[in-house]
Amino acid sequence: MNCELISVGTEILLGDIVNTDAQFLSREMAALGISVLYTDVVGDNRERLSDTLRRALSRSDIVILSGGLGPTKDDLTKEVCCETMGVPLREDARALAWIEEYFRRRGTPMAEINRKQALVPEGGTVFYNSRGTAPGCAVEKDGKCVILLPGPPRELNPMFEEGVRPYLLKKYAHGAIVSRSVRTFGIGESAMATRVSDLLDRQNPTVAPYAKSGEALLRVTARADTSQQAAEMCDAVVAEIRSRLGTLIYGVDTPGLEHTAVELLKKSGRKLGIAESCTAGLIAKRITEVPGASEVFECGIVSYSNDVKVRVLGVSEHTLAQQGAVCADVARQMAAGALRVSGADLAVSVTGIAGPDPSEGGKPAGLSYLALTDGVRTFVRKVTTGHSGPGSREYNRYVSSSNALDMVRLYLQGETDQIGNL
């Protein structure tokens, strides 16, 4: 069984948005044991979209199209798909009622053009949209299956989870498939893959490495007659991976470092204060995106200027004059100030050069110093990403925030010898 992905939207071709839909769908299909052999991007053009779909149907069993399900004239995906496959469109009463209620809840009138979104392929399976107005759908004909999904990830991802995955499992997956994501921090994808290189050759369960913004993960996927059997197969491999990677693993099936940090803070009954310079509130943002963060997060101080570092956090003017804002001593003093101001049990700080250019003093983009203190002990970590130039600023800020969260994690796990490197 093979699959092809078609992302629809001129904005993708122009580079106005990043095509995260294809990345998400590729990984999800692989987890289902369905091979993605081709991916295409096509603009909002009837002829080119029709040609692309015909070619996909000629060589793939399943074709998934994302985007182009909106209400405007250039949203052509449903119409072109049905024309190409010779399937008529019909109005779905439940979808229309949902769209009408969607606008009613927002206190705005529904434009007549939105009615178009309630049209679905006759005889197809409808995936109702709990996050937007456009339903998705699946239509089968002549041994082929075409799945249509909305483009925005906030709608596509949950629709896949809630509707498409169960549909595919029932229609095309034999037996049960279970996947586990082993998340690591502090080791690169290549080094991680080297430590588990023999496991990467396995056929069932399979083990596949991925890299993501300064961290790396291993996806373990097993196929068996039952979910319990598949889960047991995964668990055995995950245990072996744990024995090799140890505390580099921050979670299994965990969404991110911030979730691990919040969970450990809750379990320990501790609260956290934060002082940020180059990350400008990103650490606090990631923490507060986790439900229940209010139980453990006291305050975040964005001390972007040296004046605020001195007045609010108590950083020494002498230290700033002698060493500059980006140094280990300033990170220590920022953490101490955050602990004092917040009254928390722990405080973490970061100061650095986000980029894309080096500082006037010649310190490179991607250099940051982080500190964590509990009032008795203080740990300092130096991070150098080596990333500069266009596109580096966001990456450097994210990696710095991840290092801060990792320091919190390691402290709460009792791995204090691994927190700092200075």
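Reader: In what order do the 5 strands of the open sheet with mixed pairing stand?
Author: This is a predicted model, in which local features need pLDDT of at least 70, side-chain atom pairs count only at pLDDT 80 or more, and totals for chains, interfaces and linings use all residues. Residues are numbered from 1 along each chain as its sequence is written, and side-chain values use heavy atoms, without hydrogens and water. Strands (E, at least two residues) and helices (H or I, at least four) are DSSP runs numbered from the N terminus. With pairing meaning at least two DSSP bridges between two strands, the order is E14-E13-E15-E16-E17.

Reader: Which are the edge strands there?
Author: Look for the strands that pair on one side only. These are E14 (297-302) and E17 (378-384).

Reader: By how much are neighbouring strands of this sheet turned against each other on average?
Author: Angles run from 0 to 180 degrees between N-to-C directions of axes, which are lines fitted to C-alpha atoms (for helices over the stretch in contact). In this sheet the direction is ignored, and the average turn is 15°.

Reader: In E14, which residue is the bridge partner of glutamate 276?
Author: Strand E13 (residues 272-276) runs parallel to E14, and 5 bridges join them. One such partner for glutamate 276 in E14 is valine 302.

Reader: What angle does the direction of H14 make with that of E16?
Author: H14 packs on this sheet and is in contact (heavy atoms within 4.5 Å) with E13, E15 (346-352), E16 (367-373) and E17. Its direction and that of E16 make an angle of about 25°.

Reader: At what angle do the axes of H9 and H14 cross?
Author: Two packed helices are described by the distance between their axes and the angle between them. The axes of H9 (residues 257-268) and H14 (residues 392-412) come within 9 Å. They cross at roughly 30°.

Reader: Which residues of H14 does H9 meet?
Author: From H9, the residues taking part are Leu257, Glu258, Thr260, Ala261, Leu264, Leu265 and Ser268. Across from them in H14 are Ser402, Leu405, Asp406, Val408, Arg409 and Leu412.

Reader: Over how many bridges do E10 and E11 pair?
Author: In E11 (residues 215-224), alanine 216 is the bridge partner of alanine 211. The two strands pair in the antiparallel sense, and the count is 7 bridges.

Reader: Is alanine 138 buried or exposed?
Author: Alanine 138 lies in strand E7, where it touches Phe127, Val146 and Tyr167, among others. Buried means under 20% relative accessible area, exposed over 50%, and partly exposed in between (1.4 Å probe, protein chains only). Because its relative accessibility is 3%, alanine 138 counts as buried.

Reader: With which side chain does glutamate 140 make a polar contact of 2.9 Å?
Author: Glutamate 140 is in strand E7 (residues 136-141) and, at 40% relative accessibility, counts as partly exposed. Leaving aside neighbours within four places in sequence, it is in contact with Cys145, Tyr167, Lys171 and Tyr172. Its side chain makes a polar contact with that of lysine 171 at 3.2 Å. The partner at 2.9 Å is the side chain of tyrosine 167.

Definitions and conventions: A polar contact is a pair of N or O atoms within 3.5 Å; within protein, one must be able to donate a hydrogen and the other to accept it, and residues adjacent in sequence count only if both atoms are side-chain atoms.
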